[in-house]
Amino acid sequence: MASAAHGHTPAAWTGVVISFVGFCVAGVAMIMPSVVLTIAGLAVVLIGGVVGKAMSMAGMGKQPSKHFAPASSEERAAVTAA
């Protein structure tokens, strides 16, 4: 699994760190009953996902492999028929 470099990109790390901070804020806000802070923490979690996806789309995510070629429609038909 380590050879696939799954998640070892700036986009993934940034999205996870922002989401982790949001989870921490929401967790603390649940202990000290603050609905506003809980919602703010959950909003930060969502923002982390949006930032990670935006960074990935900007080219900071996992790049396609040079050794992978998408299957043609004939190859897909042969696999599904078998």
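Modeller: Let us start with one residue. This is a predicted model. Thr-38 has a relative accessible area of 14%, so Thr-38 is buried, since buried means under 20%.

Colleague: Where is Thr-38 found?

Modeller: Thr-38 lies in helix 2. Its side chain reaches back to the backbone oxygen of Ser-34, at 2.8 Å.

Colleague: Which residues is Thr-38 in contact with, leaving aside its neighbours within four places in sequence?

Modeller: Ala-26, Ala-29 and Met-30.

Colleague: Now the helix itself. How many residues has helix 2, and how far does helix 2 reach?

Modeller: Helix 2 covers residues 35-60, which is 26 residues. From first C-alpha to last, helix 2 reaches 35 Å. At 1.5 Å a residue, 38 Å is expected, and the model comes close to that.

Colleague: How should I read a list of buried positions in a helix?

Modeller: Begin with the general idea. An α-helix has 3.6 residues a turn, so residues three or four places apart point the same way. Now the case here. In helix 2 the buried residues are Thr-38, Gly-41, Val-45, Gly-48, Gly-52 and Met-55.

Colleague: What do the buried residues of helix 2 pack against?

Modeller: They pack against helix 1, residues 10-31.

Colleague: Can we look from the helix 1 side? Take Thr-14, which is found in helix 1. What does Thr-14 count as in terms of accessibility?

Modeller: Partly exposed, because its relative accessibility is 28%. That class lies between the cut-offs of 20% and 50%.

Colleague: Which residues does Thr-14 touch, not counting those up to four places away in sequence?

Modeller: Val-51 and Met-55. Met-55 is also among the buried residues of helix 2. Another pair shows sequence against space. Thr-14 and Lys-53 are 39 residues apart in sequence, yet their C-alpha atoms are 10.0 Å apart.

Colleague: Let us step back to the whole chain. What does its secondary structure come to?

Modeller: Three helices and zero strands. From the N terminus the order is α-α-α.

Colleague: What share of the residues is buried?

Modeller: Of the 82 residues in the chain, 17% are buried. The accessible surface comes to about 6,300 Å². Carbon and sulfur atoms hold 76% of that surface.

Colleague: And the contacts? What share joins residues 24 or more positions apart?

Modeller: Count the contacts with a separation of 6 or more. Residues 24 or more positions apart account for 62% of them.

Terms used. Residues are numbered from 1 along each chain as its sequence is written. This is a predicted model: local features need pLDDT of at least 70, side-chain atom pairs count only at pLDDT 80 or more; totals for chains, interfaces and linings use all residues. Side-chain values use heavy atoms; hydrogens and water are left out. Helices (H or I, at least four residues) and strands (E, at least two) are DSSP runs, numbered from the N terminus. The expected span of a helix is 1.5 Å times one less than its number of residues. Buried means under 20% relative accessible area, exposed over 50%, partly exposed in between (1.4 Å probe, protein chains only). Contact means heavy atoms within 4.5 Å. Accessible areas come from the Shrake-Rupley method with a 1.4 Å probe; for residues, only the protein chains shown count as cover. A polar contact is a pair of N or O atoms within 3.5 Å; within protein, one must be able to donate a hydrogen and the other to accept it, and residues adjacent in sequence count only if both atoms are side-chain atoms.
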